[in-house]
Amino acid sequence: MSKKTYYISTPIYYPSGQLHIGHSYTTVAADAMARYKRMRDYDVFFLTGMDEHGQKIQRTAEAAGVSPQAFVDAMAVDIKALWELLDVRYDGFIRTTDPHHVQAVQAIVQRLKDQDDIYEGSYEGLYCTPCEAFWTPSQAAEANNRCPDCGGPLEHTKEPSYFFRLSKYQDRLMELFKREVPFVLPASRANEMINNFLKPGLDDIAVTRTTFDWGIHVPFDPKHVIYVWIDALSNYITALGYPDEPALFDKFWPVDVHLIGKEIMRFHSLIWPALLMALDLPLPKRIFGHGWLLLKDGKMSKSKGNVVDPVLLVKRYGVDAIRYFLLREVPFGADGVFSNQALIERINSDLANDLGNLLSRTAAMMVKTFPEGLPEDRLTEDVDRELDQLADKTLEEVERRMEDLEFSLSLEAIWAQIGRCNKYIDVTMPWVLAKNEEDHPRLAAVLYTLADNLRRIAVMISPFMTSTPVLIRGQLGIPETDEFTAWESAGQAGLYQGNPQVKKGSPLFPRIDVEKELAALEELLS
Ligand code: MSP
């Protein structure tokens with residue numbers, strides 16, 4: 001029987017500057033979901049990539065004194081290196097300068113023209129280059145004549161342009177937003193789309209430009225280049241080989257979830273489905289617009305007293321700490337403030353204290369009292385079984401939360417179980433049991449229960465953290481085989497084999513001196 005499939009995408013990022021922790025946020029989230037689904041035995045396609053055309057890239061390359069192609073080629077190396085550093089395991093990496101993508105977008109535009117979804121006209125209005133977005137004077141007026149999305153200055157532009165009949169799809173889009181299974185999540189974002197765009201009525205949109213040329217040329221009128229958003233949105237199907245090589249497309253389309261930041265919901269939930277309707281293709285199953293990571297004084301930028309460079313953060317704290325923090329700190333749909341202090345505090349409390357100490361205490365007591373391995377003679381009590389049952393419940397909760405992309409709540413549930421294990425140590429007092437030989441059968445059961453729970457925890461954290469589960473298993477002498485690493489094994493108590501391989505290793509996460517570290521970071525940024 002063929003496996004169930006799961007297709008998840010991130011936005012394709014503009015390579016106009018180095019990516020920061022905000023871009024890493026979406027990508028790590030998608031990676032966690034992809035890892036989770038692989039563990040649940042899905043055939044997964046996880047797509048990310050780069051949005052390489054458009055006026056912004058052209059200007060940035062000019063300012064750097066290189067051709068746009070040379071510029072994006074260099075950025076592709078950095079971006080792929082960043083995903084490698086963050087242990088992001090994608091299945092596809094699309095670049096919109098890929099020849100297949102270019103041809104496919106031309107074929108799409110040609111088809112839309114042939115069926116009269118695209119017509120010739122002329123555009124006069126406002127344009128935000130950083131957002132690559134057109135705005136009407138009335139939309140701009142409501143935002144003090146600045147870009148309603150980013151608040152930046154707008155440029156006046158008047159140019160011949162082809163238009164896409166977005167207005168024709170108004171009713172079908174409205175129906176899509178009203179269907180029972182939500183098309184857009186969180187619900188607040190769906191309401192924004194309905195109230196701000198669908199209810200006032202959609203206008204046709206300009207889909208070609210003539211004032212610069214770094215883009216895909218319009219096949220039937222090559223002085224025009226295709227508007228970068230039409231080019232970019234198409235990536236989700238061209239990366240699967242649409243239209244010429246349909247093997248992957250037939251297998252994975254429609255996408256299970258487009259993961260995006262909330263600011264690009266308009267493009268994904270209105271323009272993209274309308275294009276797909278015009279192409280007579282199935283629509284995405286779900287679009288999830290997560291919130292922003294903000295700095296305490298607003299938008300993210302390097303000059304604001306926080307390190308937001310993911311490369312530097314990973315080098316300082318390790319990849320698992322960063323992945324954990326990104327997905328744990330802020331509920332996925334909401335905005336949240338990123339600060340180095342919050343990161344360090346989470347590392348200390350959740351990772352070094354709660355998880356790290358649980359492992360080191362368990363391993364140390366095992367090595368000390370039972371250097372030959374846990375004896376078979378173990379005296380089990382109700383508290384042990386209760387802890388195991390709570391692990392079953394934790395697993396159920398994680399599975400439920402993951403379906404809704406509730407990463408922080410999944411991690412919260414796992415950390416609640418870690419907390420219960422630590423409490424179990426306080427209650428069972430293994431250090432007291434160790435003193436009396438006749439209590440050793442009871443001690444063996446306590447240590448077995450802890451090690452077995454850590455084994456299950458190691459599995460549950462695997463979508464989020466990549467090396468920590470291996471380190472936990474290494475210290476407890478658990479083999480790296482499917483029997484102990486597969487998702488299902490987190491649902492079974494009693495798989496741990498109390499063999500003699502336990503070793504007390506170095507701490508999973510060394511504690512950080514908060515004051516010293518903040519001072520060091522300040523120095524680094526000055
Ligand atoms: N190229 C377009 C997307 C085209 S998709 C068909 C684009 N690129 S971008 O480089 O500006 O990336 C925007 C995305 O990066 C956001 O939607 C979000 O996924 C992520 N983020 C960038 N900054 C972020 C924060 N400060 N916080 C959270 N996510 C952030 O838009």
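**Strand pairing in the sheet**

Mentor: Strands β1 and β11 (residues 257-261) run parallel and are joined by 2 bridges. This is a predicted model, in which local features need pLDDT of at least 70, side-chain atom pairs count only at pLDDT 80 or more, and totals for chains, interfaces and linings use all residues. Residues are numbered from 1 along each chain as its sequence is written, and side-chain values use heavy atoms, leaving out hydrogens and water.

Trainee: Why are β1 and β11 called a pair?

Mentor: Two strands pair if DSSP finds at least two bridges between them; β1 and β11 have 2 bridges, so they qualify. Strands here are DSSP runs of E with at least two residues, and helices are runs of H or I with at least four, both numbered from the N terminus. Within this pairing, S9 stands opposite H258 in β11.

Trainee: How many bridges join β1 to β2?

Mentor: There are 7, and the two strands run parallel. S9 has L47 as its bridge partner in β2.

Trainee: What makes the β1-to-β2 crossover right-handed?

Mentor: The chain passes from β1 through helix α1 (residues 21-39) to β2.

Trainee: Why is β1 described as mostly covered?

Mentor: Buried means under 20% relative accessible area (exposed is over 50%, partly exposed in between; 1.4 Å probe, protein chains only). In β1, 8 of its 9 residues are buried, so the description holds.

Definitions and conventions: A crossover is right-handed if, with the strands pointing away from the viewer, the path from the first strand over the helix to the second runs clockwise.
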